[in-house]
Amino acid sequence: QVPLVESGGGLVQAGGSLRRSCAASQHSFSMFTMGWFRQAPGKEREFVAGISWSGESTDYADPVKGRFTISRDNAKNTVYLQMNSLNAEDTAVYYCAASSYPYGSSWYDYWGQGTQVTVSS
């Protein structure tokens, strides 16, 4: 098991920014690919961003490219999602996830509890 604890959600006005954090209480955190997903009301959960174990490789969904940045600090067992220029379409429950599979795999083993991000227009 890889317990993941998220923080940093909330309410923000359109055009604003939020920073999400996800901390893992797992000494092997640096071995995991990490990702962020989101699920809007009435929609399926979708991939937002992913980062390799070293942090050298990242990937983003088209709707967030250029606005969101994923990063990680393996010394702190934490992955971040910096979200800028938020708009109403970004309103969703955001989840962090950990994958024991090689970077690029779509399979994630462990999930955070999810936190609501609401963007007001």
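## Terms and basis of the model

A residue is called buried when its relative accessible area is under 20%, exposed when that area is over 50%, and partly exposed in between, using a 1.4 Å probe and protein chains only. The model is predicted, so that local features need pLDDT of at least 70 and side-chain atom pairs count only at pLDDT 80 or more, whereas totals for chains, interfaces and linings use all residues. Residues are numbered from 1 along each chain as its sequence is written, and side-chain values use heavy atoms, with hydrogens and water left out.

## Two loop residues

N77 sits in the loop between strand 7 (68–73) and strand 8 (78–83), where strands (E, at least two residues) are DSSP runs numbered from the N terminus. Because its relative accessibility is 18%, N77 counts as buried. Leaving aside residues up to four places away in sequence, N77 touches C22, A23, A24, Q26, H27 and F29, a contact being heavy atoms within 4.5 Å.

A14 belongs to the loop between strand 2 (10–13) and strand 3 (18–24), and with a relative accessibility of 44% A14 counts as partly exposed. Although A14 and A88 are 74 residues apart in sequence, their C-alpha atoms are 6.6 Å apart in space.

## The disulfide

The structure holds 1 disulfide, a term used here for a pair of cysteine sulfur atoms within 2.5 Å. The bond joins C22 and C96, whose sulfur atoms are 1.9 Å apart, and it links distant parts of the chain, with C22 in strand 3 and C96 in strand 9 (residues 92–99), 74 residues apart. The torsion about the S-S bond of C22 and C96 is about 40°, and the disulfide is therefore right-handed. Both C22 and C96 are buried.

## Salt bridges

Across the whole structure, 5 salt bridges are found, each being a side-chain nitrogen of Lys or Arg within 4 Å of a carboxyl oxygen of Asp or Glu. One of them pairs R20 with E6 at 3.0 Å, N to O, linking strand 3, which holds R20, to strand 1 (residues 4–7), which holds E6, 14 residues apart.

Another joins D90 and R38 at 2.9 Å, N to O; because D90 lies in the loop between strand 8 and strand 9 and R38 in strand 4 (residues 33–39), this pair ties together parts that are 52 residues apart in sequence. D90 also forms a salt bridge with R67, the closest N and O atoms being 2.7 Å apart, and salt bridges that share partners join R38, E46, R67 and D90 into one network. D90 is buried at 1% relative accessibility, and R38 is buried at 5%.

Conventions
Helix = DSSP H or I, 4+ residues; strand = E, 2+ residues; numbered from the N terminus.
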